[in-house]
Amino acid sequence: MLPHIEDYALIGDHQTAALVGRDGSIDWLCLPRFDSPACFAALLGNEENGHWRLAPKGADSADSASGAEHRTTRAYRPGSLVLDTEWETPDGSVRVTDFMPQRDEAPDIVRIVEGLSGRVTLRGTLRLRFDYGSVVPWMRRADGHRVAVAGPDSAWLRSEPDVHTWGEDFGTHSEFTVEAGETVAFVLTWHPSHEKRPPLIDPHESLRHSLEDWQAWTDRCTYEGPHKEAVLRSLLTLKTLIYAPTGGIVAAPTSSLPEEIGGVRNWDYRYCWLRDSTLTLGALLSAGYLDEAEAWRDWLLRAAAGDPADLQIMYGLAGERRLPEQELDWLSGYRDSRPVRAGNDAAHQLQLDVYGEVVDSLALARREGLKAQPHAWRLQLALLDFLEEAWREPDEGLWEVRGPRRHFVHSKVMVWVAADRTVRAMEDDPRLPGDIDRLRKLRDAVHREVCERGFDAERGTFTQFYGSSELDAALLLLPRVGFLPPDDPRVIGTVDAVREELSYEGFLRRYSADDTVVDGLPGQEGAFLVCSFWLADALHMTGRTEEARELFERLVALRNDVGLLAEEYDPVAGRQLGNFPQAFSHIGLVGTALTLFGAADEGAGG
């Protein structure tokens, strides 16, 4: 049985990331990019699909989870993504330090074993399986290395000092003993198979440099409120999910971790979504990370360039548009949750809300004084030209439903945001070109229609889409974006209705659990964590700050032992669900902390 999702920790080098289990096994890694095929895919299958385990001899998964013979503790080094896992065994104690250095040429995974007490024997098992666990490489020895080659991929394993390895069952195995004060370091390096092996790194120097780099980054954090450790860990997670060459931020480093164990709601999240853009930008700016915010804004401009009618909801790490979805039928899925998918067909859905997200992000960047880009205003006007006609069309909405298109209220509100921010910018700077009267008419028309067709007067709440009786957690964003003031009875009624009708054991679903007609999929899902953070924000904005803080405390408590959150949570089973760790959840945590305790920019409507 695979570990629970929350049993994993994250390491990364700002271009890709790996998941390390509490049992010492790296079960997920894509090389050389976040969206490359995985060479360790046991997370979505079994050990034969690729993993790298390093742990005390006899410390199988059951032992390390139960503590029967081997007690395991782990933690990140303060302010870093360097992971220490310690085992207490009958023979002594040992620490394994896992990290990925910021790369110069090639990606490396470094695992340093250090004896702490007694005399501990460890075993290592490396099974490289390229192309999502489907390709067994040819293994050979060269210059004291174990070398794996298959098609375009090559990986080199070495140790300092040299540790004897042998091949068995299509894996590379090792067994060695460390005493107190002794260290053994392993380095796994990937490179294209047609190129020469990259220069060797010193694992101990790489550790020192990694800690220095991470500490220098965390020292820039300006947040000093309550739960600083949780906020900082979320910011470190977001930093890890930034693809450094372009500034794009992936939604998660994984694919197909299920929203329901055994279900079909399994999606590839290794891409960059526009829906997260304003909240991401606001979190980075408010916490003092201007360079990352500017890089994200610039990525957004490049990705959105072109015909506004072709704007996508998500893109590849460098702005790639084609993300074809396929099912990887040789993988059994996380705990038999099938299908396993690579790529995401939702990229070509029509979601009108992303136009508002892009414009709102540009407005926030302008307001916060980020270096102006000369073509940004032209892009903004082009998006508004498109929306003048397109806003009356139904769409798939924020949640990428795979049912029929609807007139989603949140989508229409974000069209209003696009028009509102553009009008405000022109009012603030009359030199900006554009027809402000025409845009005011658009803004007023959208607002009027949403209030007329998207509001259920009998129940006193806005609804998920025109004519619907269902609700949507995205409606909690109405006061945040400034569509209506927080003290408007329609806002208060909506917050109360969403809180009551979408409640799931004290947290929130994003929409009704039985709403398969809307999303077009069987099964159910857990509480959607970012929606619960939105509820805390809305409670605070409507004058219920104590309730907001109580909810925030419960959300912070859902993080795993190293501070990470998945997309969803099953409050009945007490387990995290969905892709992990999830940028949207960590953005929610940072944003709500800033709203409740810091000098938060009130996001889109501030």
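This is a predicted model: local features need pLDDT of at least 70, side-chain atom pairs count only at pLDDT 80 or more; totals for chains, interfaces and linings use all residues.
Residues are numbered from 1 along each chain as its sequence is written, and side-chain values use heavy atoms, with hydrogens and water left out.

Helices here are DSSP runs (H or I, at least four residues), numbered from the N terminus. Two packed helices are described by the angle between their axes and the distance between the axes. The axes are lines fitted to C-alpha atoms over the stretch in contact, with angles from 0 to 180 degrees between N-to-C directions.

Let's start with H5 (residues 277–286) and H7 (residues 353–367), whose axes lie 8 Å apart at an angle of about 20 degrees. H5 is therefore roughly parallel to H7 (angles under 35 degrees count as roughly parallel, over 145 as roughly antiparallel). In contact (heavy atoms within 4.5 Å) are residues including Leu281 and Leu285 of H5 and Val358 and Leu364 of H7. The contact residues divide into 5 nonpolar, 4 polar and 2 charged (Ala, Val, Leu, Ile, Met, Phe, Trp, Tyr, Cys and Pro are nonpolar; Asp, Glu, Lys and Arg charged; the others, Gly among them, polar).

Now to H9 (residues 409–428) and H10 (residues 436–453): their axes come within 9 Å and cross at roughly 150 degrees. So H9 is roughly antiparallel to H10. Among the residues that meet are Trp416 and Val423 in H9, and Leu439 and His447 in H10. This contact has 12 nonpolar, 2 polar and 5 charged residues.

Terms used
Helices (H or I, at least four residues) and strands (E, at least two) are DSSP runs, numbered from the N terminus. Angles under 35 degrees count as roughly parallel, over 145 as roughly antiparallel, 65 to 115 as roughly perpendicular and the rest as oblique.
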